[in-house]
There are 2 protein chains.
Amino acid sequence: MVTVALDAMGSDLGPEATVGGAAKASRREGAPHILLVGDEAILRRQLTVHDHDRERLRIVHAPCFVTQEDKPKDALDRMPECSVLRTTELVKRGEADVLVSAGNTGAVTLAAARTFGRLPNVNRCALGAVYPTERRRGEKDDPFSLILDAGLTLEVDAEDLVAFAVMGSAYAARISRNPEPRVALLSNGSEPGKGTRAVVEANARLSRVRHLNFIGNIEGMDIPKGTADVVVTAGFTGNIVLKMLEGVAETVIRLGRYAGDQSLRYKAGLGLLAPAVRKLRRATDWEQYGGVPILGFDHLCIKAHGRSTERAIANAIRVASRTAQTGLVQAMDEHLRALDDVEIS
Amino acid sequence: MVTVALDAMGSDLGPEATVGGAAKASRREGAPHILLVGDEAILRRQLTVHDHDRERLRIVHAPCFVTQEDKPKDALDRMPECSVLRTTELVKRGEADVLVSAGNTGAVTLAAARTFGRLPNVNRCALGAVYPTERRRGEKDDPFSLILDAGLTLEVDAEDLVAFAVMGSAYAARISRNPEPRVALLSNGSEPGKGTRAVVEANARLSRVRHLNFIGNIEGMDIPKGTADVVVTAGFTGNIVLKMLEGVAETVIRLGRYAGDQSLRYKAGLGLLAPAVRKLRRATDWEQYGGVPILGFDHLCIKAHGRSTERAIANAIRVASRTAQTGLVQAMDEHLRALDDVEIS
């Protein structure tokens with residue numbers, strides 16, 4: 001049975017949403033054990049108002065917590081007993097298999113860095129984010145591609161890109177149930193010689209990695225097409241790409257105005273498309289979409305958005321539980337270790 | 001009177017399109033003198049079939065030319081009398097004010113690098129590209145923003161970004177008749193401290209540059225909004241962003257499929273929007289949109305796309321003529337020189 005440690009404090013919507021989400025998750029079939037980490041009195045009160053499975057929820061007291069406004073380093077130095085550090089410690093000691101937090105992203109990453117080790121051949125960590133594409137993949141007909149890094153490590157070298165590719169592939173294989181996800185480097189041209197020095201070198205190295213379905217470089221237009229299941233890039237580029245995608249529906253409406261077509265025909269067309277555009281807008285807001293993984297530590301962290309609703313928290317717990325059940329960390333460790341056997345040119 | 005030197009050889013559609021475009025441009029009011037550079041026999045034959053103003057067109061013979069498939073360095077070494085080198089030499093000697101070429105981009109850039117000098121405080125050159133936005137700007141209600149670099153200099157330092165900002169501002173002021181274009185750095189957050197080391201340092205330096213309407217950092221979603229008139233970024237990022245924009249109309253249709261809304265309502269909506277989407281598709285294909293500047297040399301180069309039609313060539317000649325009339329190179333020289341007075345932190 002998997003145990004998920006949930007940092008129940010410090011999200012924008014407060015313990016009501018986190019406890020509500022955990023309560024909802026506890027009632028699902030095959031639910032994991034969930035440790036709710038935070039102020040015992042507050043969490044206990046919240047549990048009285050949320051229907052839950054008592055066998056699967058347990059409170060672990062932490063007397064204080066980091067807020068979204070706190071500076072991560074100062075806050076962790078000042079509050080060694082804060083909920084996020086308690087949560088990482090539970091995972092480190094093996095009392096939980098994986099952590100979920102909707103708190104301050106910097107504090108979660110720093111708490112993980114202080115408590116956990118890094119996987120072999122990983123110098124820097126990556127935040128994975130998903131976005132919808134035209135293509136469906138895997139057993140679940142999943143429309144989502146994974147892109148990493150989404151903004152944690154802005155500048156990368158070839159070694160970072162190789163590690164991101166290996167970790168992203170292992171994650172997508174488990175979450176999308178897609179045994180051989182197509183992995184690509186984002187570049188300014190599809191030929192292997194195109195790109196920054198880091199991209200060109202990473203391309204050469206990834207072509208020699210076994211057990212990886214590396215399809216080479218992809219370009220900007222391939223992102224929405226879904227040419228790759230896992231898109232590997234520096235956090236700087238990944239963040240810009242994701243923020244362009246978030247507003248893509250609005251973009252076309254705006255650019256439609258550029259096109260100057262203010263006819264009734266055009267307006268009627270927009271009206272008919274409105275429900276699809278709304279649905280798309282929700283799906284491209286990746287931060288609202290359950291949890292995203294922080295990859296690179298020897299224990300797993302699932303980051304939920306600060307504004308996560310009950311439903312988003314419940315989704316994040318489900319994703320976290322699945323990664324633990326399918327041995328994601330062990331698989332990443334093994335594949336990253338195997339990079340030592342790849343000849344370096 | 002401005003003189004434009006047109007490399008009439010080596011484009012995908014051949015001298016028919018380049019001579020046709022020059023002939024069309026020559027008939028416009030206020031047209032420049034145009035030097036057609038290439039094989040005299042071929043160009044003379046083309047002129048017989050295109051209605052033109054004889055006073056404004058002159059052929060300058062060049063016995064050979066670089067093809068799109070040639071390797072730039074090999075080709076220029078092997079053919080010192082090729083049309084693109086003849087064209088840069090005409091500009092260097094002052095027989096023409098500006099050059100236009102629809103030939104091999106690498107060869108044009110290399111020919112310029114071998115013939116021209118670089119402007120002060122410029123280490124690397126930038127290719128500027130335009131894309132449509134919701135916002136209109138300048139005297140002409142121009143819907144286009146300029147983004148540079150579009151893919152010539154993949155990796156940049158802070159100094160490159162500062163030079164791109166200054167040159168892009170001078171170009172936009174003249175082409176969009178927008179006296180104080182809003183200039184921004186593309187980054188992963190709007191705060192001055194966000195971004196790669198180069199972006200953070202460039203932000204600090206640009207804030208101290210006088211005579212520049214620097215509005216700070218913008219994010220991915222600001223690109224289609226048109227928050228900035230001039231978007232400054234590394235060629236790697238600029239290329240990816242432009243290629244995402246090119247397919248933006250198709251993107252929404254594709255993602256609409258993701259949204260699973262295959263109803264008649266949805267299909268009818270798409271049908272009504274089709275004319276606007278087609279117009280948008282043409283406008284976002286920046287490579288087809290007349291000419292784009294190669295900025296950084298002490299003489300001006302306008303690069304037209306390899307597949308340029310007569311109309312695109314005529315537009316490129318008009319843009320080239322306007323930059324020469326408005327003293328773009330002199331203005332860039334002056335503003336770049338003034339960077340020496342900016343205190344370096």
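Two strands pair if DSSP finds at least two bridges between them. Helices (H or I, at least four residues) and strands (E, at least two) are DSSP runs, numbered from the N terminus. This is a predicted model, in which local features need pLDDT of at least 70 and side-chain atom pairs count only at pLDDT 80 or more, while totals for chains, interfaces and linings use all residues. Residues are numbered from 1 along each chain as its sequence is written, and chains are lettered from A and ligands numbered from 1 in the order in which they are written.

**View 1. Strand β7(A) with its two partner strands.**
Start with β7(A) and β8(A), which pair in the parallel sense over five bridges. Here V183(A) stands opposite F214(A) in β8(A). β7(A) also pairs with strand β9 (residues 230-232) of chain A, again in the parallel sense, over three bridges. On that side, V183(A) has V230(A) of β9(A) as its bridge partner.

**View 2. Helix α7(A) and its covered side.**
Helix α7 covers residues 197-206 of chain A, and its buried residues are A198(A), V199(A), A202(A), N203(A) and L206(A). Why do they sit on the same side of α7(A)? They cover an arc of only 135° around the axis, the arc being that of the directions from the helix axis to the C-beta atoms. The background is simple: an α-helix has 3.6 residues a turn, so residues three or four places apart point the same way. Among the elements covering these buried residues are α6 (158-175), β7 (182-186) and β8 (213-218) of chain A. Together, β7(A), α7(A) and β8(A) make a right-handed β-α-β unit; right-handed means that, with the strands pointing away from the viewer, the path from the first strand over the helix to the second runs clockwise.

Zoom out to an open sheet of 11 strands with mixed pairing, in the order β3-β2-β1-β4-β11-β10-β5-β6-β9-β7-β8 (chain A). The edge strands are β3 (57-61) and β8 of chain A, and each pairs on one side only. From one strand to the next, the twist averages 30°. At the β3(A) end, five bridges join β3(A) to strand β2 (residues 33-38) of chain A, and the two run parallel. G38(A) has H61(A) as its bridge partner in β3(A). For an antiparallel pair, look at strand β5 (residues 126-137) and strand β10 (residues 291-295) of chain A, joined by two bridges.

S145(A) lies in strand β6 of chain A. Is S145(A) buried or exposed? S145(A) is buried, because 28 other C-beta atoms lie within 10 Å. Leaving out residues up to four places away in sequence, S145(A) touches V130(A), Y131(A), T133(A), G226(A), A228(A), D229(A) and V231(A); two residues are in contact if their C-beta atoms, placed from the backbone, lie within 7 Å.

Technical notes: Buried ≥ 20, exposed ≤ 12 C-beta atoms within 10 Å, placed from the backbone. Axes fitted to C-alpha atoms, helices over the stretch in contact; angles between N-to-C directions.
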